[in-house]
Amino acid sequence: MAAALFISFRRFKYMNKLNNSGNRSSLLKRTTGFLGSVVNCYYSARTCTRRRATTPSIMTGTTTGLSAERLAGGGCGTYNLLLLRAPAPSLCHRFFTISHSHPMFSARRFESTEVELVRLDHDIHQDDEEYDDHGDHEGTDFPGGKVTFTSEMSFSDSGSCPEKRITCYRVLDQNGQLISRNHCDQVCEELAVKMYNGMVTLQIMDSVLYESQRQGRISFYVTSYGEEAVNIASAAVLKEKDAVFAQYRDPGVLLWRGFTLQGFTNQCFRNKADYGKGRQMPIHYGSRKHNYFTISSPIATQLPQAVGAAYSLKIDNKDACAVAYMGDGCTSEGDFHASLNFAAVLDVPLVFICRNNGWAISTPTTEQFRSDGVVVKGPAYGIRSIRVDGNDALAIYNVVQVAREMAVCERRPILIEALTYRLGHHSTSDDSTKYRPLDEIEHWKMARNPIGKI
């Protein structure tokens with residue numbers, strides 16, 4: 001891992017000397033693949049023999065991953081919200097609070113049974129005055145379990161897990177209306193329309209290229225249906241100098257940065273105009289011009305690379321940060337836990353954005369971890385974390401805006417868990433109707449669609 005961090009640091013420093021995408025990762029994959037290889041071998045064997053079991057299992061094959069899961073999942077306590085006090089005034093002070101608590105041990109498990117809109121009992125939160133003042137008491141059942149919404153942006157940095165599930169920050173209600181008690185600044189109309197256009201464009205591009213694969217014109221494709229808000233709204237906050245380390249379900253970030261539709265098509269068809277010279281699988285985009293590092297197939301390998309890049313930015317005292325995108329399946333890899341630990345210890349300006357869409361291919365989150373989703377894993381490593389509605393573009397924008405400023409100004413990593421839902425198949429090689437009901441997909445498509453919401 002130390003070698004991977006060092007190599008990533010050196011690569012970021014001298015990235016202009018390397019090929020844009022064709023020779024991207026021959027060295028990096030060898031150095032970062034050690035931890036991932038053990039997990040990937042286990043995961044591949046488990047996927048081939050996996051049956052619909054009722055008992056939970058942890059999708060990881062390393063001692064590091066198992067111990068970190070227990071650390072992240074253990075503990076309970078009461079949150080006392082305190083206002084952050086920093087040396088200099090900044091955007092962060094107006095928008096969020098940081099919660100603290102004392103760690104205890106707990107074996108609490110959060111489960112999901114069905115997808116439905118729920119109204120949680122008021123007496124569950126009767127002792128939580130802060131929630132009563134700022135929450136809207138409405139909740140929904142994400143694939144990982146029932147979650148209550150709140151309009152109060154609160155970052156947690158305690159290493160414990162509360163008895164109640166951590167609330168999910170949002171700006172818009174289920175009908176796309178602004179929550180009256182929300183006090184965050186809103187984006188201007190011009191930016192909001194541009195974000196909407198970007199989400200629609202991404203959806204149309206997905207439809208065209210998905211059908212191209214079905215017609216046999218390209219070999220493989222992955223859609224972003226249902227996760228457009230996480231892609232576009234987060235990218236709208238980032239600066240050009242911020243280094244992006246994405247996964248295969250984040251093309252909207254590159255689209256927002258100016259990568260053309262022709263460029264996406266060239267890469268998927270792997271023609272002579274492809275920046276990667278046809279050496280990568282489709283949807284493995286990369287662009288040096290847009291500071292978007294080429295995507296790798298093995299999941300979570302981009303995370304230690306992002307730590308090295310962020311460390312470089314810190315040493316050079318650059319007014320920028322690295323941003324690492326991932327899915328919930330990445331959190332079951334050893335590279336995820338090693339990266340969080342290195343990022344916290346080195347105090348690097350890095351924003352981790354996890355799209356928790358409920359499914360790692362066919363494995364639900366309830367069979368990946370016992371903890372309350374992904375958000376509790378950050379504080380276990382000393383990383384400030386927050387949960388946000390991934391289908392609410394304005395909430396994503398606000399959270400990433402604050403998180404980026406904290407990462408750059410305070411030189412520290414931040415973890416964001418965006419709760420969303422994968423409307424499409426995992427890829428063109430998958431049939432998700434084999435492991436999840438059609439009415440569940442239809443519910444999220446009609447009632448919770450991020451494009452319709454904004």
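Colleague: What counts as a touch here, and which residues does tyrosine 221 touch?

Modeller: Contact means heavy atoms within 4.5 Å. Setting aside residues up to four places away in sequence, tyrosine 221 touches Met205, Asp206, Leu209, Tyr210, Gln213, Cys268, Ile283, Tyr285, Ser427 and Thr428. Bear in mind that this is a predicted model, where local features need pLDDT of at least 70 and side-chain atom pairs count only at pLDDT 80 or more, while totals for chains, interfaces and linings use all residues. Residues are numbered from 1 along each chain as its sequence is written, and side-chain values use heavy atoms, with hydrogens and water left out.

Colleague: What makes a set of residues a nonpolar core?

Modeller: The members must be buried Ala, Val, Leu, Ile, Met, Phe, Trp, Tyr or Cys, joined through side-chain atoms within 4.5 Å. The largest such core has 89 residues, and Phe155, Met195, Tyr221, Tyr285, Leu350, Phe352 and Ile416 touch the most other members. Helix H13 (residues 393-410) gives the most to this core, 12 residues. There's also a second, separate core of 12 residues that includes Val147, Phe149, Tyr421 and Leu423. As background, nonpolar side chains tend to be buried together in soluble globular proteins.

Colleague: Why is valine 147 called buried?

Modeller: Buried means under 20% relative accessible area (exposed is over 50%, partly exposed is in between, with a 1.4 Å probe and protein chains only). Valine 147 comes in at 1%, so it is buried. It lies in strand S5 (residues 145-150). Leaving aside neighbours within four places in sequence, valine 147 is in contact with Gly139, Thr140, Phe142, Arg165, Ile166, Cys168, Arg387 and Leu419.

Colleague: And what about histidine 426, buried or exposed?

Modeller: Histidine 426 has a relative accessible area of 13%, so it counts as buried. That's in a loop, between strand S15 (414-419) and helix H14 (438-447). Beyond four places in sequence, histidine 426 is in contact with Val222, Tyr248, Arg249, Ile361 and Tyr435.

Colleague: What makes aspartate 347 partly exposed?

Modeller: Its relative accessible area is 36%, so aspartate 347 falls in the partly exposed class. It lies in the loop between H11 and strand S11 (350-356). Its contacts, not counting residues up to four places away in sequence, are Lys314, Arg411, Arg412 and Pro413.

Colleague: How do you know where a helix starts and ends?

Modeller: Helices (H or I, at least four residues) and strands (E, at least two) are DSSP runs, numbered from the N terminus. The protein has 15 helices and 15 strands.

Colleague: What makes you say H7 is mostly covered?

Modeller: In H7, 8 of its 8 residues are buried.

Colleague: Why is H10 called roughly parallel to H11?

Modeller: The axes of H10 (residues 302-315) and H11 (residues 334-346) cross at roughly 15 degrees and come within 8 Å. That angle sits in the roughly parallel range, so H10 gets that label relative to H11. Leu303, Pro304, Val307, Tyr311 and Lys314 in H10 meet Asp335, Phe336, Ser339, Phe342, Ala343 and Leu346 in H11.

Colleague: How do those contact residues of H10 with H11 divide?

Modeller: There are 8 nonpolar, 1 polar and 2 charged. For the classes, Ala, Val, Leu, Ile, Met, Phe, Trp, Tyr, Cys and Pro count as nonpolar, Asp, Glu, Lys and Arg as charged, and the others, Gly among them, as polar.

Key. Axes fitted to C-alpha atoms, helices over the stretch in contact; angles between N-to-C directions. Parallel < 35°, antiparallel > 145°, perpendicular 65-115°, else oblique.
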